[in-house]
Amino acid sequence: MIFGFTVGATFAETVVVDFTVLQEFKKISSKVLRDGDILGRVGGEEFLIIINGNIDLTLKIEERLRFYINNYNFDEIQKGLKVTISSGISTNENIKSYYEL
């Protein structure tokens, strides 16, 4: 499964994504992802996660990541900072290994 998403951060209705937000996002992701899941930054605030699992597992991981992000306190970076993700999932049941991607 490939799970792609964008990280967005807003402060006072201004979109802000800086390196500090991305570092915190990486820490949060490490709590959600399993050994063998691959997180990669595609560019800017876009990321992909490659998950060895079916659609149900991928949806659970996506929901957990969204929960952690929505409930994380980013006030240490900037008081009132809110971070969100928008995501999508792609699947190909015929691919049996990471090497076939």
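Two strands count as paired here if DSSP finds at least two bridges between them. Helices (H or I, at least four residues) and strands (E, at least two) are themselves DSSP runs, numbered from the N terminus. Keep in mind that this is a predicted model, where local features need pLDDT of at least 70 and side-chain atom pairs count only at pLDDT 80 or more, while totals for chains, interfaces and linings use all residues. Residues are numbered from 1 along each chain as its sequence is written, and side-chain values use heavy atoms, with hydrogens and water left out.

Let's start with the overall layout. The protein has 2 helices and 5 strands, and reading from the N terminus the elements go β-β-α-β-β-α-β. Of its 101 residues, 27% count as buried, meaning under 20% relative accessible area, with exposed being over 50% and partly exposed in between (1.4 Å probe, protein chains only).

Now look at strand 3 (residues 38-43) and strand 4, which run antiparallel and are joined by 5 bridges. Glycine 40 sits opposite leucine 48 of strand 4. The two strands make a hairpin with 2 residues between them, and glycine 44 in the turn has a positive phi of about 55 degrees. In a regular strand, side chains alternate between the two faces of the sheet. Strand 4 (residues 46-50) has Phe47 and Ile49 on its covered face, and Glu46, Leu48 and Ile50 on the uncovered one.

Glycine 53 is partly exposed, because its relative accessibility is 26%. Though 16 residues apart in sequence, glycine 53 and aspartate 37 are 9.4 Å apart in space, C-alpha to C-alpha.

Helix 2 (residues 55-71) includes isoleucine 55, and threonine 58 lies in this helix too. Threonine 58 counts as buried because its relative accessibility is 0%. A polar atom of its side chain lies 3.0 Å from the backbone oxygen of asparagine 54. Isoleucine 55, in contrast, is partly exposed at 35%.

That leaves the charged pairs. A salt bridge is a side-chain nitrogen of Lys or Arg within 4 Å of a carboxyl oxygen of Asp or Glu, and by this rule the count comes to 3. In one of them, glutamate 24 pairs with lysine 27, the closest N and O atoms being 3.1 Å apart. These two are 3 residues apart in helix 1, so about one helical turn separates them. Aspartate 37 bridges to arginine 34, with the closest N and O atoms 2.7 Å apart; aspartate 37 is buried at 11%, whereas arginine 34 is partly exposed at 33%. Arginine 66 and glutamate 62 meet at 2.4 Å, N to O, and both lie in helix 2, 4 residues apart, about one turn of the helix. Here glutamate 62 counts as buried at 9%, while arginine 66 is partly exposed at 28%.

Definitions and conventions. Polar contact = N/O pair within 3.5 Å; in protein donor to acceptor, adjacent residues only side chain to side chain.
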